[in-house]
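Here is a short briefing on one protein chain. Keep the structure open as you read, and find each element in turn.

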Amino acid sequence: MKKNLLAIALGSVIALTAAPYSIAANDAAIQSSADYSQIVTKRQVVDQLLNDAVKAFKSPARISHAGFTAKMPSNMEIVTDRLLEAYKLEPYRTDLLISAANAQIYNKNADRAIELFEQALSVAPDDVDLHAYLAVWQRFEGNQAESAKHMATLTKLNAGKAADIQRIFDTVDRVLATPLKEKADKGKLNDKGAIVTLGYALNPDGSMHQILVERLETTLAMAKANPDALIVLTGGVPKNHKTEGKLMADWLIEKGISKDRIIEENYATSTVGNALFSSYALARHNIKHATIISSASHVRRGQTLFEIASWQTGPQGITFDTVAYPDKPLEELKEASDSEVLGIYRDALRTYGMWSYRSYPLEAR
C-alpha cells in the first residue's frame, strides 16, 4: 500500500515538473526551488505544492487598482493550479477545492469558480458554506433560478445563515441603487456622527498618494462643516515605516483639526480590515451615523462592508452613507461595473466571516 501511494505521489511530481510555469520574467521569485525528485512521501508533495501556492500568493509581482488599498495578486492561476494538484493527491481535502475556487474569484473568473464549488459540493452536498458561495456567485452571474435553489437548500440546512446571505443580497442591492454624491447631506452628523476616511496605498517612499491627499481634502471640508463629528482614519499598510492612518492624522492636524477628534486605525491592510477594525471604534463611541469618504470607484464597496461589519459590533441602528472623491466622473460610475460588483460580493463574504483561503499554510480572510 505504501508503495502504491509513493507511486501516485511521484507520478504527480513527474506531471508537475513536465509542465512549465507560466510566469513572466519579473515573477521568477515565486517559482519553486524544490527538487521534487527528492521528495519521497505523498504528504511531502502536498506540503510543497501548498508552499508553492503561498509563494505565488505572496509574490511581489502584483497589480493595484484605483480605490483598492490592498495589492491584488496577478498570479492566481498559479495558486489555483498548485491547489488542484494537491487535491489530486488528497481527494478528501475539499478545502483545497474551496480555496482554488476563491482564487478564481480573485482572478475575476466566476464561471470557473462555480465549477470548482460544484465539484466540492458533489463531495460534501450538505456543506452550508458551499451552498452560500453558490447562491452568491450564481446570483452574480444572473442565474437566479440556480441561486434560489441553493438558497432553498441552505435554508433547510441552516436557516440563520440563509437569512444572513439574504441580508447581504438586500444590502448590496440597496447600496448599488443609491446614487453617488460628492457632498454630505446636511444634519446627519449633528448627533453622535462620525466621518470615516478610507486609506489608499502609500508611495514606496512612504509619502501619501495624490488620491489619498484628495480624499483628505474632502475630509477636511466635512470636518470643518461638522465640528462635533468624530473622525476615523483607517489604513495600516506600512511603507517606509509609515502607515496611512498616521499620515492622514498628521495632515489633518496640520490643517487645524483637533487631535482629540481623531481616531487613527493603523492596522487594516484591506477594505475588509478597514470595516472590521473601524466598527469597534464606532461602537465604542456609540456612533449613530457614519459618513464614509473614499474614491467614487470604491465607496459602494466600503459602505457594504461597513454595514456588514456593524451587524455584530453595533451600535444597534447605526446608519451609513458615503461621500465620493470623484476619481472618475460620477456619471461614468452611475452603474457599477461587473468588476466592482464582483469585488463587493467577494469582500462582503469575507467581512461576514467566510474565509477565502482555508488550506494551511494558505489561510487568509
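Start in helix α7, where Lys 149 is found. Keep in mind that this is a predicted model. The chain holds 13 helices and 9 strands. Of its 365 residues, 54% are buried.

**Lys 149 and the whole chain**

- Lys 149 has a relative accessibility of 44%, so it counts as partly exposed.
- Gln 138 lies 11 residues away from Lys 149 along the chain, and the two C-alpha atoms are 9.9 Å apart.
- How much of the contact in the chain, at a separation of 6 or more, comes from residues 24 or more positions apart? Such pairs account for 72% of those contacts.

**Helix α8**

- Helix α8 covers residues 159-177, which makes 19 residues.
- Which residues of α8 are buried? They are Lys 161, Ala 162, Ile 165, Ile 168, Phe 169, Thr 171, Val 172 and Val 175.
- An α-helix has 3.6 residues a turn, so residues three or four places apart point the same way.
- Look for the cover over these buried residues of α8: it includes α6 (128-140), α7 (144-157), α12 (299-313) and α13 (338-352).

- The 15 residues of α12 should span 21 Å at 1.5 Å a residue, and the distance between its end C-alpha atoms agrees at 21 Å.
- Is α12 mostly covered or mostly uncovered? It is mostly covered, with 13 of its 15 residues buried.
- Gly 314 follows α12 and has a positive phi, near 80 degrees.
- α13 also has 15 residues; from first C-alpha to last it reaches 21 Å, close to the 21 Å expected at 1.5 Å a residue.
- α13 is mostly covered too: 13 of its 15 residues are buried.

**How α12 packs on α13**

- The axes of α12 and α13 are 9 Å apart, and the angle between the helices is about 20 degrees.
- That angle makes α12 roughly parallel to α13, because angles under 35 degrees count as roughly parallel.
- The crossing of α12 past α13 is right-handed.
- On the α12 side, the residues that meet α13 are Arg 300, Arg 301, Thr 304, Leu 305, Ile 308 and Ala 309.
- On the α13 side, they are Glu 340, Gly 343, Ile 344, Arg 346, Asp 347, Ala 348, Thr 351 and Tyr 352.
- Sorted by type, the residues of this contact are 6 nonpolar, 3 polar and 5 charged.

**How α3 packs on α5**

- Helix α3 (residues 76-89) packs with helix α5 (residues 110-123) at an angle of about 20 degrees, and their axes are 14 Å apart.
- α3 is therefore roughly parallel to α5.
- α3 and α5 make a left-handed crossing.
- From α3, Thr 80, Leu 84 and Tyr 87 make the contact; from α5, Arg 112, Leu 116, Gln 119 and Val 123 do.
- This contact of α3 with α5 has 4 nonpolar residues, 2 polar and 1 charged.

**Cis peptide bonds**

- Gly 314 returns here: its peptide bond to Pro 315 is cis, with omega near -5 degrees.
- Pro 315 sits in the loop between α12 and β7 (319-325).
- Tyr 360 and Pro 361 are also joined by a cis peptide bond, with omega about 5 degrees.
- Where is Pro 361 placed? It is in the loop between β8 (357-359) and β9 (362-364).

- Lys 108 is not a glycine, yet its phi is positive, near 65 degrees.
- The loop between α4 (94-106) and α5 holds Lys 108.
- With a relative accessible area of 46%, Lys 108 is partly exposed.
- Asn 240 is another residue other than glycine with a positive phi, near 55 degrees.
- Asn 240 belongs to the loop between β4 (230-234) and α10 (244-254).
- The relative accessible area of Asn 240 is 45%, so Asn 240 is partly exposed.

Note on methods: Residues numbered from 1 in each chain as written. Predicted model: local features only at pLDDT ≥ 70, side-chain atom pairs only at ≥ 80, totals over all residues. Heavy atoms only, no water. Helix = DSSP H or I, 4+ residues; strand = E, 2+ residues; numbered from the N terminus. Expected span 1.5 Å × (residues − 1). Buried < 20%, exposed > 50% of the residue type's maximum accessible area, 1.4 Å probe, protein only. Contact = heavy atoms within 4.5 Å. Axes fitted to C-alpha atoms, helices over the stretch in contact; angles between N-to-C directions. Parallel < 35°, antiparallel > 145°, perpendicular 65-115°, else oblique. Left-handed = near helix turned anticlockwise from the far one by under 90°. Nonpolar A, V, L, I, M, F, W, Y, C, P; charged D, E, K, R; others polar.
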